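Here are a few friendly notes to read alongside the model. Take them one at a time, with the picture open beside you.

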There are 2 protein chains.
Amino acid sequence: MPFTSSVRGLFQRPTTQNWQGLIHAYNRWLPVSDRTPVISLCEGATPLVPAPALSARLGRGIEVHLKVDGLNPTGSFKDRGMTMAVSKAKEAGATAVICASTGNTSAAAAAYARRGGMRAFVLIPDGYVAQGKLAQALLYGAEVLAVRGNFDRALTIVREVADKYPVTLVNSLNPYRLQGQKTAAFEVVDVLGDAPDWLCIPMGNAGNISAYWMGFQEYKKAGRCRTLPRMMGFQAAGSAPLVHGTTVEQPDTIATAIRIGNPANREKALKVREESGGGFAAVSDASILDAYRFLGREEGVFCEPASAASVAGLLQRSEEVPSGARVVCVLTGNGLKDPSTAIDHSEATFHGDLDPNTETVAKVLGF
Amino acid sequence: MPFTSSVRGLFQRPTTQNWQGLIHAYNRWLPVSDRTPVISLCEGATPLVPAPALSARLGRGIEVHLKVDGLNPTGSFKDRGMTMAVSKAKEAGATAVICASTGNTSAAAAAYARRGGMRAFVLIPDGYVAQGKLAQALLYGAEVLAVRGNFDRALTIVREVADKYPVTLVNSLNPYRLQGQKTAAFEVVDVLGDAPDWLCIPMGNAGNISAYWMGFQEYKKAGRCRTLPRMMGFQAAGSAPLVHGTTVEQPDTIATAIRIGNPANREKALKVREESGGGFAAVSDASILDAYRFLGREEGVFCEPASAASVAGLLQRSEEVPSGARVVCVLTGNGLKDPSTAIDHSEATFHGDLDPNTETVAKVLGF
């Protein structure tokens, strides 16, 4: 048996002696009941890390924090939605889940489904996905099916399979995903004591910006925060359908996690922008890589390239940030998900073939 | 102060509300003062996750928990020691740190040093280290020096450089490292309410087993736990100097993070075994991989191969575990550190080249 309440007393993060994952922490804000079997890996409660170097770069008393959601159990914010989607699937009696995915979603789906004693099916387009991208899903025991055709075809098939057979769809169409993801906004408010002035976030399918907004609104309604943030969504220039109001047939960017040409949550995202007085903008791959390196080198934080779009966007729009404002940049995924980008783009100093003695080394170090 | 009851309320709050890293949480147990500049990435407070599948496999009411220390900021337990070592270096006025390392230590050293505004020098043996292993250190802005010769030669040089010049050595010889690492034992006790009966841990340099034991002993002395665990240390069969009481000239194992033939903390570790009534044992690479896959497939936890040695060891010695005992297995590093092992050894189900239609997929799924 997975995580029924019988083990709850022992399932904790040490800090408060009470953190047992986000469903347990925020159950009264979520569509769960005492009958919901909670499938958890102790997700959520990720660090909100101050960014002193970034704050100094912006100046004018602006205070930037990083929501490091890549420290969730499978390395991305997807775990927040997946603990909800898989727990609700289990509650409904499902014995299997299915998704079409080439990245973070498949890792989260596999980990939670297997933890809940369910089978996990992952559909991918044959010949299209590097095996490395699937390392996690494979290790978590997913059953991977590669079908001929493109990603859209794979998505159509998983929707039809989920309609006809006793297997639950956990792609972003699953309504419980955003419910789980909204808890990140709760955590931000719980730490800061109020909502930030700006919330900067990368947009791919645009589910996460919608989930954060839902969270902030619910907290405001309940009196847990006094203000609401301006929601600032950023897309890669080569994959910016929401910025340009179009569909992008061949999206192209180094930020693979947001390389999506036709976002599923288009209407929701446009509503968030309007309601929050926010803004969308496109950032170049070069500026994404600059932000990615800056975070590593100056803040000691290693995120996925897609995550750095939030910081690249903040830097691009920095003149609009009010003096003294509090800004949160959402870093959605762990940099370890994509080591090759780190190697190819680090610009680090490397001295090779040195004589093995102290004098030589000291000289290179500048002593 | 850690773990007060001040945040208990209607529902639980994120750890981050009160968790500002392990030095802040445990400062009165650590050699720090108000003058110590704390360099932190919000490390520590890692999940202690119940392992229901592993517990069921052992039976007899044995309850196993996993200390998932790979969810620290740079992906390994090394962050615990590095926040201490780098903060104390900063306090002493250092402007640079240095280490010889090919793996987790270099990542942690680079991240914390750069976060603290210091230079980070990493020495490696030229031609010996795959660049992939250095992805993190490079991205965090370390200055990497490759010297001809082997690892021991590199270590000798960094010691001499640190002796002669104003740069602080942060290899495991740095005494503050174990001080930081002992906090993992505090966290375990703070969650369980007492020490576990068994503590299973991988051993390479054997610093971590010594640090845990120091933590448990200090807590016991202060009345924070009533009991002390049996300390069970496990090494890979091809790299087991502490098990066999020898030095291994050519250590060989898939568990690279514990591939050490001449452990720096040999005497400390032997003392821990004696004082705790514990035991050391060697586990084969095959059993390490079995445990690694089991954790992924059955518990939804993805760790480094070296980390799985703790679980392989527990399974090997399971008949000695008392009925109803509480066991903690320490998982020292994140599986994402080593994606190629996941791909090469996952044994997952893969169906390729399928017709892109629902019927074909449903049939493969068994519907």
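**Notes on the model**

1. In chain B, B:L199 has B:M231 of β8(B) as its bridge partner. These strands come from DSSP runs (E, at least two residues; helices are H or I, at least four), numbered from the N terminus. Strand β7 (residues 198-202) of chain B pairs with strand β8 (residues 230-236) of chain B in the parallel sense, over five bridges; pairing takes at least two bridges found by DSSP.

2. Please keep in mind that this is a predicted model, where local features need pLDDT of at least 70, side-chain atom pairs count only at pLDDT 80 or more, and totals for chains, interfaces and linings use all residues. Residues are numbered from 1 along each chain as its sequence is written, chains are lettered from A and ligands numbered from 1 in the order in which they are written, and side-chain values use heavy atoms, leaving out hydrogens and water.

3. Now step back to the open sheet of chain B: its six strands run in the order β1-β2-β10-β7-β8-β9, with mixed pairing. At the edges, β1 (48-50) and β9 (279-283) of chain B each pair on one side only.

4. How do the two chains relate? Chain A can be laid on chain B by a turn of 180 degrees and a shift of 0.0 Å along the axis, with an RMSD of 0.1 Å (least squares on the C-alpha atoms of residues with pLDDT of at least 70 in both). That is the relation of a two-fold axis.

5. A:C200 is in no disulfide, and the nearest cysteine sulfur, that of A:C329, is 4.4 Å away; a disulfide needs two cysteine sulfur atoms within 2.5 Å.
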